[in-house]
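This report is meant for a reader who is meeting the structure for the first time. Please look over the sequence and the model before reading on.

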Amino acid sequence: IGICLAYLGVLFLVAWYGDRRPLYPTRAWMRPHVYALALAVYCTSWTFYGAVGSAATNGFDYLAIYLGPAILFIVFGGLVRRVVTITHDRNITSIADFIASRFGKSQYLAALVTLIALTAAVPYVALQFKAVAMSLEVLSGTHAVEAGPWIADGALYVALLLALFAILFGTRAVDVTEHHHGLMLAIALESLVKLLAFIAVGVFAFMLLGDLPTVDPPAMRFDPDGALSIAFLNQTLLAFAAALCLPRQFQVGAVECENVSDVRTARWAFPAYLALFSLLVLPIVQAGMALAPAGVHPDRYVLWLPLHQGAEWLALLAFIGGFSAATGMIIVECVALAT
């Protein structure tokens, strides 16, 4: 919990610095890269923990979540640019505002979109806090997070601090001409942290494979028929839409985009980011299935593998990466919903 508080303190400092010294125009070269990294708020704790569990149980179905956004930005980058252009031209501040503006600025439609977004996002945010609680439980080796009184739940204090962060750096004012420079810089940092942490665990797992017996679980065998199943295609289409239409993705991808030319960098950087995550899932699954006893859920392999091998520093780094994935989503989603 102390590490959580220290990490959030760093985020506060970065956001404070970003608000007082915006990247544009003095450091304009950094802006497209910050934008591309901030788009990776798409990668939540599910990407960090759940993709490994999904790959262990459902094989290559997990790739749909990465494939959809990659197709959107690589093949349909012009669509993203058009959405950003319309958002700027019409001073749009949210996905509800955008959809309503395409249908005669209907307030009823905007209210309906907001209600749908709120209904869907609340349990999604709750899952992020559950991931934080789960990771605390794995590191401590106890069930205290779930069994103790609510006042002792570390996730509660994380929630309060994230609420304060969202207020200070996101929702103090809703100004159509304002960009949240500090928020974007902090989210970009979180995206970088979770990527580096996942790379470290993936490389560690890959190195372990040399000393382990070959594991070829049926779920990880490539099946062309399964890869082209209706369920896989539906998930890919859903991820394609989610990469732009989820409230947090629209907030970062359209509302916070300061220059439409930044999309050019994101067209290769964001898919490359997703590709790295998707590839690193495989060695973690292989090592986890070879070493973990039956009682260890695959979602926990990212934390369990370093702990099992005595690499506590790596387990702590993995925890910070998963914490970044959860908190980044919570902050941006809450800012978007509040707007």
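In this predicted model, a nonpolar patch on the surface is formed by Ile-74, Val-75, Phe-76 and Leu-79, which together have about 360 Å² of accessible area. One of these residues, Phe-76, lies in the loop between helix 4 (64–75) and helix 5 (77–89).

Helix 2 (residues 31–39) presents another setting, for seven of its nine residues are buried, so the helix is largely enclosed by the rest of the structure. Which residues of helix 2 are buried? They are Arg-31, Pro-32, Val-34, Tyr-35, Ala-36, Ala-38 and Leu-39. The cover over these buried residues of helix 2 includes helix 4 and helix 5, together with helix 10 (181–209), helix 13 (247–255) and helix 14 (262–291).

Asn-91, in the loop between helix 5 and helix 6 (95–101), has a positive phi although it is a residue other than glycine. Lys-105, which sits in the loop between helix 6 and helix 7 (107–140), likewise has a positive phi in a residue other than glycine. The table sets out the values.

| Residue | Phi | Relative accessible area |
|---|---|---|
| Asn-91 | near 50° | 40%, partly exposed |
| Lys-105 | near 55° | 66%, exposed |

Lys-105 is classed as exposed because its relative accessible area of 66% lies over 50%, whereas Asn-91, at 40%, counts as partly exposed.

Technical notes. Residues numbered from 1 in each chain as written. Predicted model: local features only at pLDDT ≥ 70, side-chain atom pairs only at ≥ 80, totals over all residues. Heavy atoms only, no water. Patch = residues over 30% accessible without salt bridge, like charges linked within 9 Å, V, L, I, M, F, W, Y side chains within 5 Å. Areas by Shrake-Rupley, 256 points an atom, 1.4 Å probe, with all protein chains shown as cover. Salt bridge = Lys/Arg side-chain N within 4 Å of Asp/Glu carboxyl O. Helix = DSSP H or I, 4+ residues; strand = E, 2+ residues; numbered from the N terminus. Buried < 20%, exposed > 50% of the residue type's maximum accessible area, 1.4 Å probe, protein only. Contact = heavy atoms within 4.5 Å.
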